[in-house]
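Hi,

Here is the structure I promised to pass on to you. Please have a look at it, and below you will find my notes on what turned up.

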Amino acid sequence: MAVAWSEKASSMKALSLSLSPTSPPVFLTQDELKKVAAYKAVEFVESGMVLGLGTGSTAKHAVDRIGELLCQGKLNNIIGIPTSKKTQEQAISLGIPLSDLDTHPTIDLAIDGADEVDPQLNLVKGRGGSLLREKMVEGACKKFVCIVDESKLVKYLGGSGLALPIEVVPFCWKFTADKLGNLFRDSGCVARLRNDCKGDPFVTDNGNYIVDLFLKKDIGDLQVAGDAILRIAGVVEHGMFLDMATTVIVAGELGITIKNKP
Ligand SMILES: O=C(CO)[C@H](O)[C@H](O)COP(=O)(O)O
């Protein structure tokens with residue numbers, strides 16, 4: 001479904017879409033596209049749902065929108081399960097009631113962004129560092145709607161040239177990083193510890209580190225690669241979300257495309 005923009009979507013009031021094929025497409029910024037995808041995803045939310053709340057600049061728009069609809073009384077009895085401390089803080093500031101997986105092990109719907117989306121709707125996530133909680137929450141969902149702007153679409157995971165994040169325990173992280181690099185050595189892989197803005201190791205919400213894998217080419221069977229990564233002692237989780245997204249909403253210059261898992 002390609003839809004032409006009728007107005008610039010800098011505010012959601014302005015976000016009305018025209019189905020007329022004659023409407024000229026309007027250029028939107030990347031953040032506006034993220035907001036468009038996020039607002040579309042929130043249309044799937046119904047009162048009474050337990051919701052997985054994603055992390056990142058795209059998911060932030062969805063959480064804002066859910067808070068706005070709650071405040072307006074257009075949604076009721078929502079329970080949010082945040083995927084990071086940052087999202088937890090945002091949800092609290094918006095008055096979204098929160099819980100956790102211990103209390104709500106089944107989630108109706110999760111909405112979250114991604115760093116890469118391949119044609120089979122496999123994802124790379126975790127460049128924001130929240131991949132472990134995201135995978136736990138989104139793995140517990142009946143429906144996982146992934147929201148991206150079109151720059152996130154790739155032919156194969158790793159194809160953007162950006163990192164595949166791996167969460168590792170801090171203990172002897174270099175040993176683990178070397179093992180990860182060796183695993184994909186034939187693909188020219190480089191493994192690098194992620195640093196924060198002060199140059200110290202980036203620490204996740206779970207007290208772990210992130211090793212970023214820069215893959216130079218297609219690593220082939222993703223399930224096999226993911227299993228091999230998880231077999232390395234010291235690895236906590238990897239950022240490939242395979243066969244997890246039930247729907248991907250892509251906002252692009254020509255409109256919204258909704259891709260559903262077959
Ligand atoms: O996986 C994530 C955080 O761990 C994010 O969803 C991913 O990095 C996309 O972020 P953004 O919406 O800011 O582009």
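A word on terms before anything else: the domain bounds used here come from an automatic or database domain assignment. With that in mind, the protein is divided into domain 1, made of 4-150 + 243-260, and domain 2, which covers 164-238. Please also remember that this is a predicted model.

The two domains first. Their centres, taken over C-alpha atoms, are separated by 27 Å. Where they meet, 12 residues of domain 1 are in contact with 11 residues of domain 2. On the domain 1 side of that meeting, α4 gives the most, with 4 residues. By class, the residues on this side of domain 1 divide into 3 nonpolar, 5 polar and 4 charged.

Now the protein as a whole. You will find 6 helices and 15 strands in it. The radius of gyration is 19 Å, close to the 18 Å that the globule rule gives for 262 residues, so the protein is as compact as a globular protein of that length. Its C-alpha trace spans about 55 × 45 × 40 Å along the principal axes. Buried residues account for 45% of the 262 residues. As for contacts between residues at least 6 apart in sequence, 71% join residues at least 24 apart.

The ligand may be where you want to zoom in. It is surrounded by 18 residues, and the closest are G56, S57, T58, G113 and G128. Of the elements, α2 gives the most, with 3 residues. The shell has 10 polar, 5 charged and 3 nonpolar residues.

One last stop is helix α6 (residues 222-230), where A225, G226 and I229 are buried. These residues lie on the same side of α6, because they cover an arc of only 100 degrees around the axis. An α-helix has 3.6 residues a turn, so residues three or four places apart point the same way. What covers the buried residues of α6 includes the strands β9 (164-168), β12 (235-238) and β13 (240-241), together with helix α5 (173-183). The face of α6 turned away from the buried side carries Q223, V224 and D227, which are exposed.

Happy browsing, and best wishes

Terms used: Residues are numbered from 1 along each chain as its sequence is written. This is a predicted model: local features need pLDDT of at least 70, side-chain atom pairs count only at pLDDT 80 or more; totals for chains, interfaces and linings use all residues. A residue is near a molecule or strand if its C-beta atom, placed from the backbone, lies within 6 Å of it. Helices (H or I, at least four residues) and strands (E, at least two) are DSSP runs, numbered from the N terminus. Ala, Val, Leu, Ile, Met, Phe, Trp, Tyr, Cys and Pro count as nonpolar, Asp, Glu, Lys and Arg as charged, and the others, Gly among them, as polar. A residue is buried if 20 or more other C-beta atoms lie within 10 Å of its own, exposed if 12 or fewer, and partly exposed in between; C-beta atoms are placed from the backbone. The arc is that of the directions from the helix axis to the C-beta atoms. Two residues are in contact if their C-beta atoms, placed from the backbone, lie within 7 Å. The radius of gyration is taken over C-alpha atoms; the globule rule is 2.2 Å times the number of residues to the power 0.38.
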